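Hi,

Here is the structure I promised to pass on. Have a look at it first, and my notes on what turned up follow below.

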Amino acid sequence: MRTAPFKRPFQYDKIPIDDLRLQQERDKTNRARNTAGTVKRIWSYLARQKGTLLLVILMVLISSAMSLAGPFMVGMAVDDFIVTQEPSGLGMLLVWLLIIYILHSLSLFLQNYWMVGIAQNTVYSLREELFQQFHRLPISFFDKRQHGELMSRITNDIDNINNTLNQSVIQIFTSVLTLVGTVVVMLLLSPLLTLITMATIPVMFMAIRWITKRTGPLYKLQQHHLGELNGYVEETVSGQHIIKTFSQEERVIGEFQERNENLQHSGFWAQVFAGFIPKVMNMLNFLSFGLIGLAGGILAIQDVITVGVIVIFTEYARQFTRPLNELSNQFNILLSAVAGAERVFNIIDTKQEETDEKDALTLDGTQGHFEFDHVSFAYEKTPILKGISFTAEPGQTVAFVGHTGAGKTTIINLISRFYNYDNGVIKLDGVDLKHIRRSSLRRHMAFVLQDAFLFHATIRENIRYGRLDATDDAIMEAAKDANVHDFIKRLPNGYDTMLDQSGSGISQGQKQLITIARAILADPSILILDEATSNIDTVTELKIQDALKRLMKGRTSFVIAHRLNTIQEADKIIMLEHGEIVEQGSHEALIASRGRYYALHQQQLKEHA
Ligand SMILES: Nc1ncnc2c1ncn2[C@@H]1O[C@H](COP(=O)(O)OP(=O)(O)OP(=O)(O)O)[C@@H](O)[C@H]1O
């Protein structure tokens, strides 16, 4: 087993400077493009809860005032009762102090309670809007993006907004109020001592700036390395089969080690520098106490101020540095949350799936007669399909064949109107598809796709997805027709067997049979089958072929098949090349004409010989 080298790993000059630079570049792109606009938009969500927000502001005012009043009273106690050694009113003052501290705690508790409510309501609305938007966006939106990226919008970004609203917003308010309040009271008590107290601030600023200039990018680098490491672990865990079959374990361990070392380096320095901040603050606080004690003592001896004022200043000095520090921290968190919010809003603002025409038809039923008339289509600006013309009679099976990238899936995408065709016309029962409501068109279609997708639900619920009002008997009948009933019956929990998201626990073929049962139950007039029989053992393949034959009977079916032996019985085979139809006809006719299909057929025969 490999062990990680532990050779002087923590030299600062070993931090990859290029990585730091890269991180700084990334930071720039990670900022919101329109910070003011995004903040305004977040505000519009908060403004829906004006009443509660006012209460929070009131509580912040009270807590800030109380944090000023506490030390002030202590100072008064020193002057009035301790210096004078006249303790008669001390008891009453202690009661006041107690009230101040209770009020302080209570206002902190309530501001937190109300602000958490505001934050939760805001992210509830955002999550809801984002999820609804996901379901209104066209397929092209998802085709262009990675799933992980979209997941990150609804998890990380929204979480970030929540945390920022919960903590940073109140912190920023409180810090500003406390800072202003402290300086005002200090100035009123003694402008000279205020200046002396503040003498350490420039030093503090410089020290913090020096540290954060280093920790900021290091922290982000650490996050970046952590993300890389997590991603790598996730990928290798889910790709275990492939790693083992290609005997890549050693290489994977080596690559992991590299990522682990990167994280170790950046993590070490990020935390070392971050650890400096409280130490430096403490040191400067003590310096400031010393200065206040010295200067305050001299001023008190000269009767310019009282001893109580010195007590108040030492307390305020402590209160003073904390908000300064917090402001700079919270500001960064706030900026990154605003950037996240902007990404969320960008998705919410993305153009939704084109709406149907105003007077679009709702199909009650359909014969399933399709006609493609010189249809052309481009993804963005890349032309894919050119002058496609063919017909599919009701109940016929039309198969698309051709090399990878020929445009088979694209034709299916046009039939189901996941994409809009640019030129020409596609007609269903003589009506242009564009005049038919998308939802009503798709209601008459069922898909059995290569990547059989099952939900995290029971087998029964997965089949019922085809027709929500189906009875248990109808589900069982569909499963019987799909040749999967016997298999389900043999499972300990039968139809109530829970499937996990990846559908593990059942084979690829069984998954496919369940999706066929789902399609049978849906009882559509139009069927779309995408390479439904690849990677499956012969017995299951026969079962699938048999189930499909039953499913396709009496329905117009479009089949994408790479293996020509599965489509020989199709009524029409359409051979595509570079987005154009080069041949069409029955298997026998195409073989007899000895053209492109014949060549492809011969090639496959040789490959499987
Ligand atoms: N969402 C998309 N955006 C841009 N181009 C795309 C998109 N989907 C497919 N293409 C391109 O369109 C062409 C046709 O792709 P299509 O998926 O229709 O081919 P196919 O015949 O189904 O291939 P395969 O047999 O590999 O599934 C390819 O060049 C492909 O790169």
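A quick definition to start: I call two residues in contact, or touching, if their C-beta atoms, placed from the backbone, lie within 7 Å. Bear in mind that this is a predicted model, where local features need pLDDT of at least 70, side-chain atom pairs count only at pLDDT 80 or more, and totals for chains, interfaces and linings use all residues. Residues are numbered from 1 along each chain as its sequence is written.

On that basis, and leaving out residues up to four places away in sequence, Ile573 touches Ala399, Val401, Ile567, Gln584, Gly585, Ser586, His587, Leu590 and Tyr597. Ile573 is also among the residues with the most contacts inside the largest nonpolar core, which has 65 residues. (A nonpolar core is a set of buried Ala, Val, Leu, Ile, Met, Phe, Trp, Tyr and Cys residues joined through C-beta atoms within 7 Å; buried means 20 or more other C-beta atoms within 10 Å of a residue's own, exposed 12 or fewer, and partly exposed in between.) Helix H17 (residues 508-522) gives this core its largest share, 8 residues. Helices (H or I, at least four residues) and strands (E, at least two) are DSSP runs, numbered from the N terminus.

Now the strands. In E8 (residues 556-560), 5 of 5 residues are buried. Thr556, Phe558 and Ile560 point one way, while Ser557 and Val559 point the other. Side chains in a regular strand alternate between the two faces of the sheet. E8 runs parallel to E3 (residues 397-401), joined by 4 bridges, and pairs in the parallel sense with E7 (residues 526-530) over 5 bridges. Pairing here means that DSSP finds at least two bridges between the strands. In E8, Ser557 is the bridge partner of Thr397 and Val559 that of Leu529.

Which residues does Ile412 touch? Again setting aside residues up to four places away in sequence, they are Ile528, Phe558 and Ile560. Ile412 sits in helix H12 and counts as buried because 20 other C-beta atoms lie within 10 Å.

Cheers
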